[in-house]
Amino acid sequence: MEGNLPFKQKWIHFSFYILIITFFQCSPSYFPNEKNSSNLENPFLPLVSVSLGTYLSPSRFDAYAENNIDWNRFLGTWYEIKRIDNPFQSGLTNVSAEYSLREDGNIRVKNQGTSSMGPTTIEGIALLPDPNLGKLKVSFLYPIFFGDYLILKIDRQGYQTALIGGPESNFLWIFSREKTISQSIETEYTLYAQTIGYDTNRLQKF
């Protein structure tokens, strides 16, 4: 059943799954007792903890994010060449991601793909915790849950290809401005991701 869900529903289901886990990780005192009754007075505090927890959470892969990204050149449409499959993209093919500037200065994210039910789209927001660091905090349930997207490698000359990683070794994408990529660049990106700890054996084209 999960594989037949539309893209948006997969993202929401996955986000709520992570939300529940993070909720209890960030709020160990969620269940009120005599020593801690403040949660009864302000029921939004655990939710704030979840939001801050996912926004501020570090990753061991942060150290590999590129520096001094020209975000204006990064904007636009990227096509997914390969990915490590994940719960919110299961069953999707022909995936693309479009990044555009919002009026508030943040980045709009529009992900598209094709499932067994046809074309599907979901939109979210990306924040830059540090504009000098190649790291996006992306939320499709803003402002509750944020996921890390790290620019691990990028074509500095033309901004035509990019290696994108997540906070765990099982989140990895190779992107291109075109729907194809040279074998040499694909191999370069794959080997680099492997050397820094990503599970590249699971990298596939969909």
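This is a predicted model: local features need pLDDT of at least 70, side-chain atom pairs count only at pLDDT 80 or more; totals for chains, interfaces and linings use all residues.

**Entry 1: burial.** I call a residue buried when its relative accessible area is under 20%, exposed when it is over 50%, and partly exposed in between. I then took the burial count for the protein chain, and buried residues make up 44% of its 206 residues.

**Entry 2: the fold in outline.** I listed the secondary structure next and got five helices and nine strands. Read from the N terminus, the order of elements is α-α-α-α-β-β-β-β-β-β-β-β-α-β.

**Entry 3: aromatic pairs.** I searched for ring pairs and the count came to eight. For Phe74 and Trp78, I noted ring centres 5.5 Å apart and planes at 35°, so I logged this pair as tilted. Phe74 also pairs with Tyr99: here the centres are 5.0 Å apart and the planes stand at 50°, so this pair is tilted too.

**Entry 4: salt bridges.** I ran the search over the whole structure and it returned nine salt bridges. I looked at three of them in detail.

- Arg156 and Glu66 form a salt bridge, their closest N and O atoms being 3.1 Å apart. Arg156 lies in the loop between strand 6 (145-154) and strand 7 (161-165), and Glu66 in the loop between helix 3 (45-56) and helix 4 (71-74), so the pair ties together parts that are 90 residues apart in sequence. Arg156, at 35% relative accessibility, is partly exposed, whereas Glu66, at 18%, counts as buried.
- Glu80 and Arg83 meet through their side chains in a salt bridge of 2.7 Å, N to O. I found both Glu80 and Arg83 to be buried.
- Lys137 and Asp148 make a salt bridge of 2.5 Å, N to O. This pair links distant parts of the chain, with Lys137 in strand 5 (residues 135-141) and Asp148 in strand 6, eleven residues apart. Lys137 is buried, with a relative accessible area of 1%, and Asp148 is buried at 7%. I followed the partners onward: salt bridges that share partners join Asp62, Lys135, Lys137 and Asp148 into one network.

**Entry 5: charges over rings.** Which ring does the charged end of Arg83 sit over? I traced it to Phe206, with the charged end 3.9 Å from the ring centre. I also found the charged end of Lys153 over the ring of Tyr192, 4.6 Å from its centre.

**Entry 6: the second largest pocket.** I moved on to open spaces and picked the second largest pocket, with a volume of about 180 Å³. Its lining consists of Tyr79, Glu80, Asn94, Val95, Ser96, Lys179, Lys205 and Phe206. Two names there were already on my page: Glu80 from the salt bridge with Arg83, and Phe206 from the ring under the charged end of Arg83. Strand 1 (76-84) and strand 2 each supply at least two lining residues, and strand 2 gives the most, with three. By class, I sorted this lining into three nonpolar, two polar and three charged residues.

**Entry 7: the cavity.** How many cavities of 30 Å³ or more does the structure hold? I found one. The largest cavity has a volume of about 120 Å³. It is lined by 14 residues, and the closest to its centre are Ala97, Asn111, Tyr149, Trp173 and Phe175. Strand 2, strand 3 (107-115) and strand 8 (172-176) each bring at least two residues to this lining. The largest share, four residues, comes from strand 2. By class, the cavity lining divides into ten nonpolar, three polar and one charged residue.

How values were computed. Residues are numbered from 1 along each chain as its sequence is written. Side-chain values use heavy atoms; hydrogens and water are left out. A salt bridge is a side-chain nitrogen of Lys or Arg within 4 Å of a carboxyl oxygen of Asp or Glu. Buried means under 20% relative accessible area, exposed over 50%, partly exposed in between (1.4 Å probe, protein chains only). Rings of Phe, Tyr and Trp (its six-membered ring) pair if their centres lie within 6.5 Å; planes under 30 degrees apart count as stacked, over 60 as edge-to-face and the rest as tilted. A charge sits over a ring if NZ of Lys or CZ of Arg is within 6 Å of the ring centre and within 35 degrees of the ring normal. On a 1 Å grid over the protein atoms alone, a cavity is a set of points where a 1.4 Å probe fits but cannot get out, and a pocket is an open set with protein on both sides within 12 Å along at least five of seven lines; lining residues have an atom within 4 Å of a point. Grid points are joined across faces, edges and corners, and a volume is the space filled by probe spheres set on the points. Ala, Val, Leu, Ile, Met, Phe, Trp, Tyr, Cys and Pro count as nonpolar, Asp, Glu, Lys and Arg as charged, and the others, Gly among them, as polar.
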